[in-house]
Structure formats: C-alpha cells, structure tokens
Amino acid sequence: GDDLVTFIGKVFALETVRRVSKAKCPILWTTLQGLQLLCYPPLKWWTPLRFILNRMHLISQPLLVVSILNAAFGHRSLSAKQMGSAGDQNNLISADWLVHLHSELQKQGILALPQRISDDLHRYYITANGDIRSLISSVKKTMRWRETYRLLTAEELEESWSKFIFWHGSDVNQRPCLFVRLGLAFASLPPSGRVRFSQALVSQVEQGMVQLMDKRNAQVTVLVDCQGIAPLRFPMQTMRHCVNILKDHFPNVLGCMIIIRATPLVRVITSTFCKILRPSTREKLRMEGDGYEKLITDLFQTLPAYLGGTCSCTICQYGGVAK
C-alpha cells in the first residue's frame, strides 16, 4: 500500500515536471528521459556513473510510465489544440516529435542541444514540415556552423556597424525591424570592411533574436536600402552568402523584406538571387525604386531619421543614421 502511494506520488510529481519543462525549458524533460538509459546495460555497469544511477533507479519506473502515457495521449491533445487555434506556431511543439528528435540525436551521440538551438526548435520543425530526418539534418548543420562561425558582440556591432545595420522600432504587425543600409556600406567601407559585412549582418540578426524576439514577436521585418550602389557593382556574392546563412541557420525568422531605392538594373540582378529562396520566402519580398515612401510609411510605425522620420531616439541622434 505505502509503495503504491509512493509510486503514484512520483508519477504525479514527474508529470508536473514534464508540463513545466514543456512550457519553460523542453530540454530539461528530454535530458531527464535520456538519463534513464543509465539504468540499462552496459551503462548500468559503469562504476563512474554509480552515483547518478542510484538516484535514477528511484524514478526510473515512474518516469517510464509518464513517458508512455504522454506518448499515447500527447498527439491527441495536440490535434485538439491545433483545431482550436489554427496558425499558432507554438501548437506545433508536441512531446511526440521532441522525444523522437532527442532520441535520434542521442543515437548519434548528441546528448544535449545548445540553448540557442533548443529555443528555436519549433522554427526548424516548421521549416522541415515535420520530417524528422530533415529536422535532424538541419539541427546538426546549425550546430556545426555555430561551432566555427564567429558572431560579433554587441559592442563590436555598436562600434563599427551601427550606422549600416541597426534595429529600429516595429512595423504595423509589431515585428522588430532591421534596417540595412547596403548602399551606404559598400560605398564607404574599405574592401576589408565589405568582406565582414555579412558577418555583421548575421550577428545583428542574432542579437535581435536574443534581445527583441519572443512568442508574440516571432518574426522580423527587414528593410534593405540600396541607395548609393552602382548598378554594375551590386554585392551579389555577399548578399547570396547572407541569404544562405539566414535561410539555413535562422529558419522561419523573416516576416517581410523590403528592398528600396533599387535601380531597374539592380532589381533585375536582385531577382536572380531571389530564386534560391523558398517560394514561401519569396512571397515576403517587395522591391521598390524611388517610389517607396508610401509603402514604408504604411508599414513602419516609426521611421529612422535618415528616411525622413521624426524619430529622436539615440540611434537617430548619435548613431550616424540621420546622415
């Protein structure tokens, strides 16, 4: 009798942990499930793991029961949520695919994901259309990329890049807005600076995802200003490099992209590299020549000073973007 009460108590406690973990930190529950492997041969015989093993035995069976029950009923619960709230990206996160994903990753020797990737798993899942193999491939690709790619710090971005690439306000859909003065950058930067432009752009996107984005603001709007670019000197290779990095390692982040002050020739050139984008991404792209004023006035809540806005924020006053 006492053993049964204790067992049931552990089951309820673990279910509470699972629900809290699902809402706040999915990797916690997955890690706990992964530790269950220590209770089976050959790991159970490894002496250095004895301390953890002794404690895992206390919850191993209740943990197994919770996992089985959740696998049996989790999918049904998810479907009901999706029917009641279509289009909510968070409803795509279910214990079923998360458990499957982490199980497959563990088989490949990946016991835990970096926090930044774990935070964005739902983006990879949406982009992969639920295909676990494609999802695993994308996650592993980003892990390798993050191990070798050097992202600039906020201080480095502020010191050298703030007047070329900067976050400023929100659009009418409450999405954070990234302004990219591509023409100014390539007209004024030395060759070494142009080479680092893609690194700065990617780093600024990373900063925005960490500091500005949340469940309510899950995507961003990007405005690319081509003023100052000579038609035959459009930085095609640099832009293609940026697009590929953002497409592969920041999936489903772009809500809308506006390219303004592009000459007719630049618009033709730009349309060629747009072909590498997914159809769903191409639909988010708008290109305008000099008649862009109404578009950006309607789209952006607050325009930076250099585009004719009356903003007097620190960026507009001291960041050099008013020029």
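Start by selecting Arg 261 and showing everything around it; leaving aside residues up to four places away in sequence, Arg 261 touches Asp 225, Cys 226, Gln 227, Glu 288, Gly 289, Asp 290, Tyr 292, Tyr 306 and Leu 307. Bear in mind as you look that this is a predicted model. In the chain, Arg 261 belongs to the loop between strand S4 (254-260) and helix H13 (264-273). Is Arg 261 buried or exposed? Its relative accessibility is 14%, and because buried means under 20%, Arg 261 counts as buried. Now display the side chain of Asp 225 as well: a polar contact of 2.7 Å joins it to the side chain of Arg 261.

Arg 181 lies over the face of the Tyr 306 ring, 3.7 Å from the ring centre.

Next, select residues 132-148, which make up helix H7. How far apart are the end C-alpha atoms of H7? They are 25 Å apart, which agrees with the 24 Å that 17 residues should span at 1.5 Å a residue. Colour the buried residues of H7: Ile 132, Leu 135, Ile 136, Val 139, Thr 142, Met 143 and Trp 145. As you follow their spacing, recall that an α-helix has 3.6 residues a turn, so residues three or four places apart point the same way. At the N-terminal end of H7, look for the cap: a side-chain oxygen of Asp 131 lies 3.0 Å from the backbone nitrogen of Arg 133.

Stay with Trp 145, which counts as buried at 10% relative accessibility. The structure holds eight aromatic pairs, and one of them is formed by Trp 145 and Tyr 149. These two rings are stacked, with 4.7 Å from centre to centre and 25 degrees between the planes. For another aromatic stop, select Trp 161, Phe 164, Phe 186 and Phe 197, which ring pairs link into a cluster.

Finally, zoom out to the whole protein chain and switch to cartoon view: there are 16 helices and five strands. Of its 323 residues, 45% count as buried. Among contacts between residues at least 6 apart in sequence, 73% join residues at least 24 apart.

Conventions:
Residues numbered from 1 in each chain as written. Predicted model: local features only at pLDDT ≥ 70, side-chain atom pairs only at ≥ 80, totals over all residues. Heavy atoms only, no water. Phe/Tyr/Trp six-rings, centres within 6.5 Å; stacked < 30°, edge-to-face > 60°. Buried < 20%, exposed > 50% of the residue type's maximum accessible area, 1.4 Å probe, protein only. Lys NZ or Arg CZ within 6 Å of the ring centre and 35° of its normal. Helix = DSSP H or I, 4+ residues; strand = E, 2+ residues; numbered from the N terminus. Expected span 1.5 Å × (residues − 1). Polar contact = N/O pair within 3.5 Å; in protein donor to acceptor, adjacent residues only side chain to side chain. Contact = heavy atoms within 4.5 Å.
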